[in-house]
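Let's take a friendly walk through one chain of this model. Please have the structure open as you read.

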Amino acid sequence: MSQIQPAHTGPTRTAESGEVLLQATDLARHFDVSRPWLNRVLERAEKLSLKAVDGVSFTIRRGETVALVGESGCGKSTVARLIVGLYGLTRGRLVFDGQEISDLAGRSGRQAAAIRQRFQMIFQDPYASLNPLWRVGTIIGEPLRFFRPEMGATDRHRRVGELLEQVGMSAADALRYPHEFSGGQRQRISIARALANEPEFMVCDEPTSALDVSVQAQILNLMKDLQQQYGLTYLFISHDMAVVKHMADRIAVMYLGRIAEIAPADQLFATPHHPYSRMLLAAVPSLEGEGRERTTIEGEVPNPVHPPSGCAFHPRCPHANARCRAEVPALIARSDGSEVACHAVEEGRIG
Amino acid sequence: MSQDVQRTDASPVAAKPPGALRTFLASDIVYSWKRQPVVILATLVTLTMFAGALFAPWIAPQNPFDPIELELIDAFSPPLTTSDFTGNFYLLGSDSQGRDVFSAILYGSRISLLVGFAAVLFALALGTALGLMAGFRGGWRDALIMRIADVQLTFPSILMALLIFGVIRGFLPRSMHAEVAIIVLIVAIGLSDWVQYARAVRGATMVEKGKEYVQAARVIGLPDHRILFQHILPNVMRPVLVIGTIGLALAIIAEATLSFLGVGMPATQPSLGTLIRVGQDYMFSGEWWILLFPGVALLLLALSVNLLGDWLRDVLNPKLR
Amino acid sequence: MGHKPDGEREPVLSVRRLRVEFPTRHATLVALDDVSFDIAPGEVLGVVGESGAGKSMTGNAVIQLLEPPGHIAGGEIRLMGRRIDDLAEEDFVPLRGRHIGMIFQDPLTSLNPLFSIGDQLVETLRAHLPMSEKQARGRALELLTEVGIPAPETRLDSYPHQFSGGMRQRVVIALALAAEPELIIADEPTTALDVSVQAQILALLKRVCAERGAAVMLVTHDMGVIAETADRVAVMYAGRLIEIGPVKEVIGHPRHPYTEGLMASIPGLAERRERLYQIEGAMPRLAAIPPGCAFNPRCPHAAERCRTERPELLPAGGSRAACWLHDPDNPLPRRASAGDSQEVAR
């Protein structure tokens with residue numbers, strides 16, 4: 001399917017000291033999940049708010065891949081949608097390449113469009129991410145029609161054909177409809193649409209979790225090739241530790257709307273600090289199977305509408321004490337390049 | 001499990017895409033149509049009646065709206081008789097005015113269908129617009145529109161139509177009543193019927209709005225109106241068209257009911273409902289044909305359109321298959 | 001394929017040359033073709049494959065829950081020696097629950113939202129076993145304790161929606177085990193759960209089935225789940241069984257080129273490769289399964305013979321694989337290709 005044969009074999013992880021492309025400071029997004037007003041009055045219920053993301057800060061440098069991992073309800077997809085402006089921020093600040101984009105969700109017009117065309121998003125469900133009534137060529141050409149109205153139809157068709165070939169499909173596929181393609185091919189079409197305006201930054205929200213493993217390999221390889229070719233910067237969101245390890249330079253582990261730990265990928269997998277990071281790693285099923293019984297982890301992710309006090313992880317944490325139950329830990333940088341939000345780590349109770 | 005089957009089916013076929021007509025003839029819709037005799041029959045009846053209504057001036061032996069053409073002397077001719085006085089042949093008999101019942105049915109279904117189609121279009125346009133706005137914008141607009149819809153749903157739609165009909169007529173001078181009867185009927189039936197379109201569109205809009213292709217359009221930064229009209233609207237139209245087909249049958253019946261109650265079309269321009277109202281006076285006096293044939297015509301029309309609508313809904317709704 | 005069950009005991013489930021067809025108005029699709037395997041008492045057989053491979057359909061064929069117009073068109077299925085594929089629906093119903101327990105991906109669809117879990121357990125127990133209401137309630141409590149529901153006596157009267165995803169799946173396992181069935185069919189039992197909960201549920205499933213000596217058919221797309229839970233693995237491709245063997249063999253030394261490619265395409269935690277091995281192309285549609293070996297258009301070793309002649313399962317190391325590479329008389333030569341150089345380095 002994919003004819004792309006990359007020339008490179010050497011390591012791609014660079015950009016340790018590259019310029020900052022995206023700076024997220026204290027991002028928060030609360031959703032109102034209260035019952036309707038009348039029900040609240042009748043049932044004497046309080047207003048309820050879901051703190052999907054609550055105080056998340058990180059930076060992404062040009063050319064690197066930063067991954068957000070965590071279980072359902074940890075807020076990783078909300079962070080993605082905050083960055084591309086699908087949701088407005090409740091609190092916090094986003095700076096993209098020196099430009100303030102915190103209020104992008106509410107902005108329209110040419111100036112906002114100029115920023116928007118510099119980043120794109122790839123979604124999880126290849127069956128829902130393409131308009132079923134449009135031909136593939138129209139779907140991929142849509143950003144071109146909007147951002148480059150001066151481009152003629154012939155040029156646009158040529159560009160759509162190029163894009164399709166870049167993602168390992170054929171230019172003739174432009175005339176087909178999405179339902180004629182398999183999940184992996186649809187994800188390629190999504191990627192072609194995202195590439196149309198030559199963005200610098202791509203937010204990828206679980207781009208392969210709906211795909212079979214062999215197709216996942218094709219898509220992950222394609223994404224790496226494209227990164228090489230265009231110097232793309234990725235924010236890669238996934239629940240799969242192995243996929244994240246394969247893709248990311250740096251990894252942020254999220255739990256209930258906050259970052260538990262950020263570390264360079266190799267560092268995190270070699271020496272995870274936060275008890276939750278350790279737990280996540282221990283939970284990954286091992287293909288070697290024998291001998292390594294998966295460490296059994298107690299409990300489940302609590303309901304994010306009523307998060308535990310203090311450190312949200314404390315009910316499942318073997319090292320929790322009174323301070324953990326009362327005080328929310330802050331992300332603290334360590335000498336090895338990681339940042340950890342854990343009282344036990346900070347106090348030296350655990351490594 | 002059958003999902004697996006469908007998914008593998010989704011990969012592209014190597015063959016060249018055939019022509020549009022070929023594709024249509026090979027489609028599931030045509031396949032399903034061919035296998036259901038009832039649906040075929042309903043289609044034939046519907047088409048026949050549509051054609052009869054459309055070409056009434058050329059088919060009907062008489063223009064029943066033109067008093068000059070009515071032969072009072074032929075009043076109450078039974079079906080299948082030729083008049084001794086005028087030599088006219090009355091296929092389905094004639095009424096007290098000497099009006100040919102067959103012609104009256106052709107012209108009457110013309111009015112019934114016109115009112116039905118126009119009312120459905122009106123309701124569909126209004127309901128779709130309000131439903132789109134409610135579903136896409138949400139917030140107070142949604143609350144307001146849907147509360148109005150709820151209130152309206154608590155009244156039977158025929159009562160609603162009667163009310164609207166009365167209010168509109170109240171504002172118009174009496175001399176205009178007969179001329180604008182059709183328009184008043186259309187507005188009254190349309191206004192009483194928009195709610196179901198609005199609800200269906202609102203629901204579908206909220207579903208589509210959350211889908212990733214709409215989010216992708218937002219990330220690109222497309223303006224709202226473009227997202228609404230190019231992405232969402234075409235994808236929510238399918239349920240609306242199904243409701244519209246079933247709604248057509250209901251609108252035809254609503255028109256007949258209003259006319260039967262005497263608040264619809266005047267006796268000088270009878271619709272099927274008016275014909276039935278007029279005919280019921282003769283039900284027990286021997287001239288049964290004046291009531292029976294318009295009644296059968298209305299029944300056939302409403303039933304076959306409704307059957308088509310039900311079938312269309314089943315075919316287009318993958319969940320029911 | 002060999003007809004000798006593993007070990008000396010009679011297999012709980014024995015499937016022979018199973019064929020499932022889906023007649024459509026264009027053609028008859030062969031959804032399962034010549035699928036044969038056994039599961040011994042206390043054994044966990046993992047059935048693995050990508051979407052469209054027919055793994056779920058195999059499970060559904062065994063419990064006669066094929067969606068119409070799909071139907072068994074050939075072969076036989078035996079449960080403890082008794083043929084069950086030709087049973088009429090009314091004769092089959094008593095088997096479900098009593099002799100075959102079922103666990104599905106979404107616990108919410110397996111539980112009735114209108115009844116408390118205690119009622120559902122009691123009803124299941126009394127439907128299959130001679131028990132009084134009181135005995136059944138006591139047994140329900142034991143079952144809930146066994147599957148790790150905390151404070152079960154207080155949860156007996158709770159409704160499914162009051163449980164978290166993991167707890168619900170525990171309840172479903174308790175329900176499936178209630179009548180002590182000899183065979184459990186678990187179809188993607190952990191796919192809807194978070195990784196941390198996945199491990200708990202798999203450990204639980206493995207423990208309770210081992211304690212009872214129940215045979216388990218574990219259907220999943222996740223090789224990691226198989227590696228941890230299964231004793232033997234059956235790999236499916238395009239409705240056919242292409243490799244079957246002990247889990248260590250199949251994962252450590254895959255013999256079929258598809259299994260090899262599949263294993264190499266999974267990103268691992270242990271090592272880091274710049275590129276993942278990728279099998280080109282996609283699984284064929286049921287309407288367009290190529291002649292010969294179904295995998296031949298994507299196979300790096302394919303030769304003329306693979307395009308015309310379909311291989312049976314042939315002995316290959318400790319497992320059996322349906323590939324001419326393992327023909328004892330005339331083995332097909334392996335071609336040095338991307339597949340080999342990227343080698344399955346695990």
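## Ground rules

This is a predicted model, where local features need pLDDT of at least 70, side-chain atom pairs count only at pLDDT 80 or more, and totals for chains, interfaces and linings use all residues. Residues are numbered from 1 along each chain as its sequence is written, while chains are lettered from A and ligands numbered from 1 in the order in which they are written.

## Overall form

Chain C has 14 helices and 12 strands; these are DSSP runs numbered from the N terminus, with helices being H or I of at least four residues and strands E of at least two. Its radius of gyration is 21 Å, close to the 20 Å from the globule rule for 346 residues, so chain C is as compact as a globular protein of that length. Here the radius is taken over C-alpha atoms, and the rule is 2.2 Å times the number of residues to the power 0.38.

The C-alpha trace of chain C spans about 65 × 50 × 45 Å along its principal axes.

## The sheet

Eight strands of chain C make an open sheet with mixed pairing, ordered β6-β7-β8-β3-β9-β10-β12-β11; two strands pair if DSSP finds at least two bridges between them. At the edges, pairing on one side only, are β6 (100-103) and β11 (314-316) of chain C.

Within the sheet, β7 (residues 183-187) and β8 (residues 215-220) of chain C pair in the parallel sense over five bridges. D187(C) has V219(C) in β8(C) as its bridge partner.
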